[in-house]
Amino acid sequence: MSYNRRGVLGAALALPAALTVGTLAATPAAADPGTVDAGAWTPLVLESGITPNAAAVPEVRLVTLAGTTFLQARGLITCNLVADTKIGRLPDGFAPPATYVRAAAPRNNSQGINACRFEINPAGSVTVFGANTGNPITWVQFDSVQTIWR
């Protein structure tokens with residue numbers, strides 16, 4: 001099965017129209033391909049030395065829209081990364097896909113670099129890429145991370 005951005009974007013744009021047109025009667029989720037199924041937010045399991053922000057704990061959830069499942073993340077960590085670093089793993093119950101999942105995430109702006117790579121490997125490890133000794137990453141925000149999961 002393959003997905004293209006135009007199809008995913010079309011489904012996402014069709015959703016508000018589908019929600020505003022029609023009756024108020026509930027229909028079964030399986031009968032409506034435009035139904036959104038959002039799972040519960042679940043905290044990432046963080047490595048030692050990675051500190052969650054108390055007001056924005058790093059969490060992930062799976063959201064299915066029109067038959068496509070997305071991983072969404074939110075939250076903020078503080079850290080002192082000077083190399084590509086495993087920051088944690090997926091919570092129990094999240095089966096990672098067979099391939100790597102990658103997204104860009106905002107980080108502290110240093111030397112004009114204000115984003116890093118957020119990656120989940122097939123074993124469920126979460127790694128942040130882009131830090132080095134001359135340009136450490138001191139915080140990462142996950143609110144913009146959304147990627148096709150399967």
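Modeller: Happy to. A polar contact is a pair of N or O atoms within 3.5 Å, where one must be able to donate a hydrogen and the other to accept it. Keep in mind that this is a predicted model.

Colleague: Which backbone nitrogen lies 2.8 Å from a polar atom of the side chain of Asp 143?

Modeller: That of Gly 75. The side chain of Asp 143 also makes a polar contact of 3.3 Å with the side chain of Gln 141.

Colleague: Where is Asp 143 found?

Modeller: Asp 143 lies in the loop between β12 (137-141) and β13 (146-148). Leaving aside residues up to four places away in sequence, Asp 143 touches Ala 73, Arg 74 and Gly 75. Gln 72 is 71 residues from Asp 143 in sequence, yet their C-alpha atoms are 8.0 Å apart in space.

Colleague: Why does Asp 143 count as partly exposed?

Modeller: Because its relative accessibility is 47%, and partly exposed covers the range between under 20% for buried and over 50% for exposed.

Colleague: And the cysteines: how many disulfides are there?

Modeller: The count is 0. Cys 79 is in no disulfide, and the nearest cysteine sulfur, that of Cys 116, is 8.2 Å away. That is too far for a bond, because a disulfide needs the sulfur atoms within 2.5 Å.

Colleague: Are these cysteines buried or exposed?

Modeller: Cys 79 is buried, at 11% relative accessible area, and Cys 116 is buried too, at 5%.

Colleague: Which ring does the charged end of Arg 117 sit over?

Modeller: The ring of Phe 129, with the charged end 4.0 Å from the ring centre.

Key
Residues are numbered from 1 along each chain as its sequence is written. This is a predicted model: local features need pLDDT of at least 70, side-chain atom pairs count only at pLDDT 80 or more; totals for chains, interfaces and linings use all residues. Side-chain values use heavy atoms; hydrogens and water are left out. A charge sits over a ring if NZ of Lys or CZ of Arg is within 6 Å of the ring centre and within 35 degrees of the ring normal. Helices (H or I, at least four residues) and strands (E, at least two) are DSSP runs, numbered from the N terminus. Buried means under 20% relative accessible area, exposed over 50%, partly exposed in between (1.4 Å probe, protein chains only). Contact means heavy atoms within 4.5 Å.
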